[in-house]
Amino acid sequence: MFRLRRFLKDYIVLLIVGPLCKLTEAVLELFIPLVTADIINNGVLKNDASYVLSHGALMVLMGALGLGFALVCQKSASIASQGFGTKLRNAMFRHISTLSHAELDKIGTPSLITRMTSDINQLQLAVAMLIRLVIRAPFLVIGALIMACTIDLKMSIIFFIASPLIAFVLYTVMHKSVPFFKDMQGKLDRVSLLSRENLSGNRVIRAFNKQDEDAHAFERANSELAHTSVRVGRISALLSPVTYIIAQLAIIAIVWFGSVNVNAGSLQTGDIIALVNYMTQILLAMIVVSNLVVIFTKAFAGAARVNEVFDTMPSVQEKNHQDIETDSSAPAVEFRNVSFGYGDGGDALRGITFTAGRGSTIGIIGGTGSGKSTLVSLIPRFYDTRDGEVLVYGRNVVEYPFAQLRRVMGIVPQKAVLQSGTIRSNMLWGNSSADDEEIERALRTAQAYEFVSKLPDGIDSEVSAGGSNYSGGQRQRLTIARAIMKKPEILILDDSASALDMATDAALRAELAGMKGMTVFIISQRVAAVKGCDKILVLDNACLVGQGTHEELLENCSLYREICSSQGME
């Protein structure tokens, strides 16, 4: 948690003023029992009403001052904790944005969401408690011990016996509960994952009538979370009653031995009341400390998870921040003996070598899991190769700044995802200065204008999160239009026409063929979609088993002939 203190540097003044105000309030609170004892000893027992009223007014004044200092501290804690949380979330979001696909896949979306919400909320609470109570509570305990010593040194022995016992209970509970809080956050990630899967895949779950199985899986994960929460709750629940019992036994001892001393004349009645009040202050302060133990235990567990994200460095790092010169005579894309694998798994690509000339159309076909999407993901450098080189315009992609490399590319991923807003706002992602005419041209090219023009608001029609208010085919056409708006030099279509009918797919390919000078990569399971490409790459089991035109592959690639035969395209 201390590693995150850099996010508090703008709130140093509040971190000083807040605790000082709370400390001043605690000092005033420590003097209240002495004033009370003085009122009893010199006012009540002597029937001096004026003394009682004057010192009573002093107590009211001290209480009002204490309230004022407490309000200043509360405001300081609110500003600092909320500012800390805001800065931390912003920094974490920026850091997550720098992570490559490999790191995002490893940590997982549900876990990242939990860390940005639940964990940081817990850290915010810890910062607020740090300002408000961390100094005040221990100071009250120590101050009450000192004040008890000033009243009667022998009676203070009771305080020095009770306080270590309470401290031991606090340490024991903290030591036992920390592992459970860490385990709870992991189980919360699991619940978040299942919730996300259920909400995003609800249609599939219903289509296969798997609602009951999905509900049982969620119930199991939720029950495990609840079981862990109950276990840590049982341990934490011991704090208040055990500390309360110890403090109450100490109060009984104070009254018992104090009455003996009063009878002996070594103590006054007001002193006993003051000692009881100091023990009560210690009790309340210890209860606060016990709650702080729980809060900070959760915060330390959350901080470890947040720091884990910050410690995760992107495997794909930008090595150059200045635009580089390209070779005008080099092909658009070239793979030289490229191999790649995800994590510790086997090769997803092995020994891939091919060239894509400028303005050419490259088709990529192969079975499921053959490495088609992985291959095109290496071109914009979403992943780095394990061996070999990927060149764009004659320069290795690792030499490019990300902005320059991806500026020339339009990418339509396998899963068509639109951003919430309007169709216009989505189109402007590709070109922020585009006018209606350019948007219409891109929609026509992507075969999307026909259905968009029939919408009541046209290009200003609303788009819900992910584009869920449009069909799969409509989303695919809109994402293609968004990429075309960019006017890319290299366009990558990762099986992005799978939801289109044959006629619409053919019309789309005809429009793309008319866009001269653009290098197009088309991944598809349909032979008809790649048949007319200048070059077709055939992948099987991570290897490039054939490349050439449709006619050439029919002659020399048995796998391609099998695919064509299965689709009646011989």
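Tutor: Begin with the secondary structure, keeping in mind that this is a predicted model. The protein chain holds 20 helices and 12 strands.

Student: Why is the protein chain described as more spread out than a compact globule?

Tutor: Compare the radius of gyration with what the globule rule gives. For 570 residues the rule gives 25 Å, but the protein chain has 35 Å, well over that value, so it is more spread out than a compact globule. The box filled by its C-alpha atoms, taken along the principal axes, is roughly 115 × 45 × 45 Å.

Student: What share of the residues counts as buried?

Tutor: Burial is read from relative accessible area, with under 20% as the cut-off. Of the 570 residues in the protein chain, 47% count as buried. The accessible surface is about 28,100 Å², and carbon and sulfur atoms account for 58% of it.

Student: How many positive and negative side chains are there, and how far apart are the centres of the two sets?

Tutor: There are 54 positive and 53 negative side chains in the protein chain, with the two centres 5 Å apart.

Student: How many disulfides does the count come to?

Tutor: A pair of cysteine sulfur atoms has to lie within 2.5 Å. By this rule the count is zero.

Key. Residues numbered from 1 in each chain as written. Predicted model: local features only at pLDDT ≥ 70, side-chain atom pairs only at ≥ 80, totals over all residues. Heavy atoms only, no water. Helix = DSSP H or I, 4+ residues; strand = E, 2+ residues; numbered from the N terminus. Rg over C-alpha atoms; globule rule 2.2 N^0.38 Å. Buried < 20%, exposed > 50% of the residue type's maximum accessible area, 1.4 Å probe, protein only. Areas by Shrake-Rupley, 256 points an atom, 1.4 Å probe, with all protein chains shown as cover. Lys, Arg positive; Asp, Glu negative; His and termini not counted. Charge placed at Lys NZ, Arg CZ, Asp CG, Glu CD.
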